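This report describes one structure in plain terms.

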Amino acid sequence: MVQITSPQFKENAARAIGDAGLQKALGKAKGAFLQRRGDAVARLPEFEQLRDIGRDIKNHTLANLDFYLETYAANVEAAGGTVHWCSTAEEARAAVLEICRKAGAKTVTKGKSMISEELGINDHLEAHGIEPVETDLGEYIIQLRREHPSHIIAPAFHLNREDWENSFREMHTDLPKDRVFSERRDILTEARTKLRDRFLAADVGITGANFLIAESGSSVIVTNEGNGDLTQTLPRVHIALASIEKMVPTLNDACALLRLLARSATGQDFSVYTTFSTGGRRPGDLDGPEEYHVVLIDNGRSNMFGTEFQEMLRCIRCAACMNHCPVYGITGGHAYGWVYPGPMGSVLTPTLIGVDKAGHLPNASTFCGRCESVCPVKIPLPKMMRHWREQEFERHLSPVAVRRNLGLWAYVAQRPALYRMATKLAVGALGMMAQGKGAFRSLPLAGGWTQGRDLPVPEGGTFMERYAKTKRGA
Amino acid sequence: MSKEAILNAIRRGLKRGPLPADQRAMLEARLLARPRHLIPARSRVPRPDQIKLFIANVEKEFGSVTRVADADDIPGAVAEYLSQQNLAPRFVMAPHPELQALPWSDRAMLEFETRRAEASDLVSVQHGYAGIAETGTLMLPSDPARPTTLNLLAETEIVVLRASRITGPYEDAWDMLRAERQDPISGGFMPRNVMLVTGPSRSADIEQTLELGAHGPRRLHVILVDDDPAALPG
């Protein structure tokens, strides 16, 4: 299970910034995502309109989610599948274990699933003598290294090629020690060969779900490698793990969202495999699982309805927000200290594990707004982070120094005459201290702030003075 | 029970009880009407251009296409592709009547079995249900004549597709499936599995750099049969 280290975000971030290997990996990777998304969006002139449509479909679904969940479950069952409703992570873990036990499972293959990380499925299965095998290439190496994903669609975002080579040499001990990985493809081929046998031997396959479709009772996975499809096709039992907000009403609704997903995520027009699963094997079918189970998970989501965080349930987990986030770009995902990093994690994590533990995350934002500007379903992420900051303040969770200074600022800000006088004094003092220079490299009492940037010297008076002057001129 | 707990928590948050009958009826009508949303202009073009767009998109996604004038040319196209790729003339084929009816005996060196795929199969020949021009995507639904493993286990997958089965957007392909199929279990139209496949398998997990040939096929080849006079290049 992911150990929660969100309360230590500041220490985590400081360590991440000093980690040369991580900085190398982040530096290489982040430009690629931005470029590819930008190109894909440029190729589809209707992209902006589709964002509004995506937002509206999700809003409609959430406003009627009770109806759609019931319709969906009835249709899964009509197609011969089983739905397991689970309020908590504990219930979901128990449901998965029971299905695996009934199937007599020794090994379980897994497609990439963030809800599985949230629930801690792997540790739970291991503790009960069932071996989980991650089959997504990035998840596979993370499992070999006993780490956790640092990105929601690229789990090994934090690793460099040499990390892959070293881990494969260390763990694949049956292969010659001196083998050469001359290209990235050689690493891929070795993983493909290793995992083939695991796919064939598995008794149960567990995948996540990008969407659930009420109209047909289908779960959808979106992948590039084909590992998710092998996972859900070869074993006798398929379990799809899905949280309740994955729901959409119809296939046509899913089509609209699928036009947004791959473009926002990897910058592809469409992912290689978009696969719809509905029930188990039909009479006459030559392959496919005999049993199909959906573990439908709430785990805190229903509490978000009717709160200022309801819109977060629109999220389709594309990762565009973290790919475009200057904070994620420098700290990487592990610093966030739980399953979901970046701006979406900064909003979601406090709702799922508590603002007392994750209060630092909504503060780890420059409010630059890029996350909201690229979100395919237009979630107002900065506004929600501000809501968390307010709650943190109201619940007296922020440090004494922060509270005292905010209190002082509020006192001054609410008294216009005092505020104007104070800013005038400050502008004048800073102007004198500058002695003709354009910017301060350091300032007394603000060493922390100026360590990473310069403060431009104010020129031309305060805002109010300049405003008054312009008004006279007009 | 967890089901009731979840539904009630959602309703509490939405500040309402279970939906009244008239609102349920509205939502049920929406499910039946399944409104279409914006369809991008790129695929709303004349038939010959839709086919061209499909081919261009398959190739952009690292697949390949051979266009043949007649179904009888398919065995020759398969033989030629395998020889070009230096592959042995051996494959596993979908037990689909249209494929089984082809004049395979014209190409006596081709060896094949009709069944699901096994891990040892190097080449598979699948029957394509539909093609989607918008992104060069194949629609491959599962049924007894189209096993899913053919799309996954072989290193090379060849898909035979008729040009008349190419649609512009995804929505049109779903409508085809809706109109043509009835499921023996649910009575609806959805088969157990529908794969939308766009190019061969790949991964960018190593340093976010794209490599082809992850767990699925390394090569995806489409043999397109020109059975649609309206789709021929003018």
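## Basis and domains

Domain bounds here come from an automatic or database domain assignment. On that basis chain A is divided into domain 1 (6–302) and domain 2 (401–473). The C-alpha centres of these two domains of chain A lie 49 Å apart.

This is a predicted model, in which local features need pLDDT of at least 70, side-chain atom pairs count only at pLDDT 80 or more, and totals for chains, interfaces and linings use all residues. Residues are numbered from 1 along each chain as its sequence is written, while chains are lettered from A and ligands numbered from 1 in the order in which they are written.

## A sheet across two chains

Helices (H or I, at least four residues) and strands (E, at least two) are DSSP runs, numbered from the N terminus. Two strands pair if DSSP finds at least two bridges between them. Eight strands form an open sheet with mixed pairing, in the order β8(A)-β5(A)-β6(A)-β9(A)-β9(B)-β6(B)-β5(B)-β8(B). Its edge strands, each pairing on one side only, are β8 (247–248) of chain A and β8 (166–167) of chain B.

Strand β9 (residues 273–277) of chain A and strand β9 (residues 193–197) of chain B are antiparallel and pair over five bridges. Within this pair, Thr274(A) stands opposite Leu196(B).

## Strand β6 of chain B

In chain B, strand β5 (residues 130–132) and strand β6 (residues 137–141) pair in the antiparallel sense over three bridges. Here Ala130(B) is opposite Met139(B), and Gly131(B) is opposite Leu138(B). The two strands form a hairpin with four residues between them, and Gly136(B) in the turn has a positive phi of about 65°. β6(B) also pairs with β9(B), again antiparallel, over four bridges. There the bridge partner of Leu138(B) is Val197(B).

Is β6(B) mostly covered or mostly open? A residue is buried if 20 or more other C-beta atoms lie within 10 Å of its own, exposed if 12 or fewer, and partly exposed in between, with C-beta atoms placed from the backbone. By this count five of the five residues of β6(B) are buried. In a regular strand the side chains alternate between the two faces of the sheet. Thr137(B), Met139(B) and Pro141(B) are on one side of β6(B), and Leu138(B) and Leu140(B) are on the other.

## Contact between the chains

Two residues are in contact if their C-beta atoms, placed from the backbone, lie within 7 Å. The contact takes 82 residues from chain A and 65 residues from chain B. On the side of chain A that touches chain B, the largest share, eight residues, comes from helix α10 (residues 184–201) of chain A. By class, this side of chain A has 36 nonpolar, 28 polar and 18 charged residues. Ala, Val, Leu, Ile, Met, Phe, Trp, Tyr, Cys and Pro count as nonpolar, Asp, Glu, Lys and Arg as charged, and the others, Gly among them, as polar.

## A buried leucine in chain A

Leu381(A) is found in helix α18 (residues 381–394) of chain A. Why does Leu381(A) count as buried? Leu381(A) is buried because it has 28 C-beta neighbours inside 10 Å. Leaving aside neighbours within four places in sequence, Leu381(A) is in contact with several residues, including Cys321(A), Pro343(A), Met344(A) and Cys375(A). The C-alpha atoms of Leu381(A) and Gly369(A), 12 residues apart along the chain, are separated by 8.0 Å.
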